[in-house]
Amino acid sequence: MTTDTGADPDTASDKLGSEAAKADAAMGRLQEALRRLDDGDLHRAHRGGGWTVAQVISHMNVATLMWLGDLERLRNDPDLRFFFREEIGHDALGYPPPTIDIALRQLDSTRRTLATCLPAVDPAIQDRTVEIPDLGTMTVAEWTPLIAGHLTGHVDQAFAIMTDREFLPEGI
């Protein structure tokens, strides 16, 4: 069964691809910085507390996979209209990478997943409306820039930690 959503599939995929590309560019910048760090730097948090750079990278990876899993849930459940914040990766941490090499591989995996999966989301799924408590109710197409921006915000968080703790590589 096909559903005509009225959305141009190429335009819809291009928009999600564009959002994935923005997040990818930010994560690429983070990878460049990580290549110049020592493993110990990865485990430093902002002086005011909070996550370490390793935890930020882990969160980005887990949140990406959870969002894409949510989109698969929507594809398979026509009545689904609601995600709990935990189901979009809010506050989720996985395995904080212990070394720069593993952190780089984790970011590679996240970037590749976004680049291949996000543009492939069916336009009918992009048009679905979903509520997330405390955040609102919007279509997947409207949520996607926020989700991609969430990743970019965490890249900024990692750079803020590096700046605060004075280990941001020069020229980044």
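**How α2 and α3 pack, and the fold around them**

Helices α2 and α3 run roughly parallel to each other, because their axes cross at roughly 25 degrees and angles under 35 degrees count as roughly parallel. Keep in mind that this is a predicted model. Here's a quick tour, starting with that helix pair and then zooming out to the whole chain.

**The α2/α3 pair**
- Helix α2 covers residues 53–76 and helix α3 covers residues 100–117, and their axes come within 10 Å.
- As for handedness, the α2 and α3 crossing is left-handed.
- On the α2 side, the contact is made by Ile57, Ser58, Met60, Asn61, Thr64, Leu65 and Leu68.
- The α3 side brings in Ala103, Gln106, Leu107, Ser109, Thr110, Thr113, Leu114 and Cys117.
- Sorted by class, the contact has eight nonpolar and seven polar residues, with no charged ones.

**Fold layout**
- You'll find five helices and two strands in the protein.
- Going along the sequence, the pattern reads α-α-α-α-β-β-α.

**Overall dimensions**
- Along the principal axes, the C-alpha atoms fill a box of roughly 55 × 30 × 20 Å.

**Burial and contacts**
- Of the 172 residues, 42% are buried.
- Looking at contacts with a separation of 6 or more, 76% are between residues 24 or more positions apart.

Note on methods. Residues numbered from 1 in each chain as written. Predicted model: local features only at pLDDT ≥ 70, side-chain atom pairs only at ≥ 80, totals over all residues. Heavy atoms only, no water. Axes fitted to C-alpha atoms, helices over the stretch in contact; angles between N-to-C directions. Helix = DSSP H or I, 4+ residues; strand = E, 2+ residues; numbered from the N terminus. Parallel < 35°, antiparallel > 145°, perpendicular 65-115°, else oblique. Left-handed = near helix turned anticlockwise from the far one by under 90°. Contact = heavy atoms within 4.5 Å. Nonpolar A, V, L, I, M, F, W, Y, C, P; charged D, E, K, R; others polar. Buried < 20%, exposed > 50% of the residue type's maximum accessible area, 1.4 Å probe, protein only.
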